[in-house]
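Notes follow in the order I looked things up.

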Amino acid sequence: MSSASDIRDAFLQRLDRPLITEKLFDNVQDTTFFVKDHLGRYVCANQTQVDRCGLKTKDEIIGKTVMDVYSEPLAASYAEQDRQVLKTAKSITAELELTLYSDGKQGWCLTYKEPVLDKAGKIIGIVGISRDLNSPTQNEGMASIAKVMEHIREHISEPLRLVDIAEVAGLSVYQLDQRIRALYQMSAGQCITRARIDAACHLLFTTGKSIASIAQDCGYSDQSAFTRQFKQTTGITPKAYRERRRV
């Protein structure tokens, strides 16, 4: 019987164009889709991405970087984000950031990026999407939530009390929780847990640090507490996750 990977590979080898999702995303006007190479140059983009950059055809964006098609300060911010993905192979999941619409106005979006690896496991590029937050309710106070998410990432190894995080945003704990629930469909506490587990997954895959050390780096008081939370969130232990990713 053929394995799942055999079935997938056999199908992909038959494709006329491997990046069939590009055409699919051409019909989604509130989401940009893109693939970039190891130098941050666009090799694929949907029409929405092309329009956002003030271009007319996809051929005009191929080979260009964000520094070529975006103005400051967004260009520098996007470029640094790309460099971090290419350098660390760390995924970006629902990162709140500013985007530029075709009419020149700015708005907020949730960005997702994944490193693209070759068969030898070498990073050769990035694939990603950015989804617009269109409603007034979604856009209200997004700058404060973006500041909160940055604070969580930068202090992931420290105790993160909701009252302190709410103060960073200039909100009450209730207001903070409600806005995060509206944006991410999870509580503020769950959002912190997700950030800790995401950081742990990255360290388990990319470093040889002990699980006890990773637990401390991600804000857990001891290895057992970390292991319980990790298994509850992912369904497997940190050790099993590390072994599975290295296969």
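Predicted model: local features only at pLDDT ≥ 70, side-chain atom pairs only at ≥ 80, totals over all residues.

**Surface and overall shape**

I started with the surface: the protein exposes about 14,100 Å², and carbon and sulfur atoms supply 53% of that. The areas come from the Shrake-Rupley method with a 1.4 Å probe, and for residues only the protein chains shown count as cover.

Residues are numbered from 1 along each chain as its sequence is written, and side-chain values use heavy atoms, with hydrogens and water left out.

I found 13 helices and 5 strands; helices (H or I, at least four residues) and strands (E, at least two) are DSSP runs, numbered from the N terminus. The radius of gyration is 20 Å, close to the 18 Å from the globule rule for 247 residues, so the protein is as compact as a globular protein of that length. That radius is taken over C-alpha atoms, and the rule is 2.2 Å times the number of residues to the power 0.38.

Buried is under 20% relative accessible area, exposed over 50%, partly exposed in between (1.4 Å probe, protein chains only). This core has 41 residues, and Leu96, Ile145, Ile152, Tyr184 and Phe230 touch the most other members. H10 (188–206) is among the elements that supply at least two residues, and its 10 residues are the largest share.

I noted a second, separate core of 15 residues, with Cys53, Leu55, Ile61 and Leu74 among them.

**Asp177 against Lys56**

Which is buried and which is exposed? I checked Asp177 and Lys56.

Asp177 sits in helix H9 and is buried at 15% relative accessible area. Its side chain makes a 2.6 Å polar contact with that of Arg181 and reaches the backbone nitrogen of Ala188 at 2.9 Å. For polar contacts I need N or O atoms within 3.5 Å; within protein, one must be able to donate a hydrogen and the other to accept it, and residues adjacent in sequence count only if both atoms are side-chain atoms.

Lys56 lies in the loop between helix H3 (47–52) and helix H4 (66–69). Lys56 counts as exposed because its relative accessibility is 70%. Beyond neighbours within four places in sequence, Lys56 is in contact (heavy atoms within 4.5 Å) with Gln47 and Val50.

Terms used:
Core = buried A, V, L, I, M, F, W, Y, C linked by side-chain atoms within 4.5 Å.
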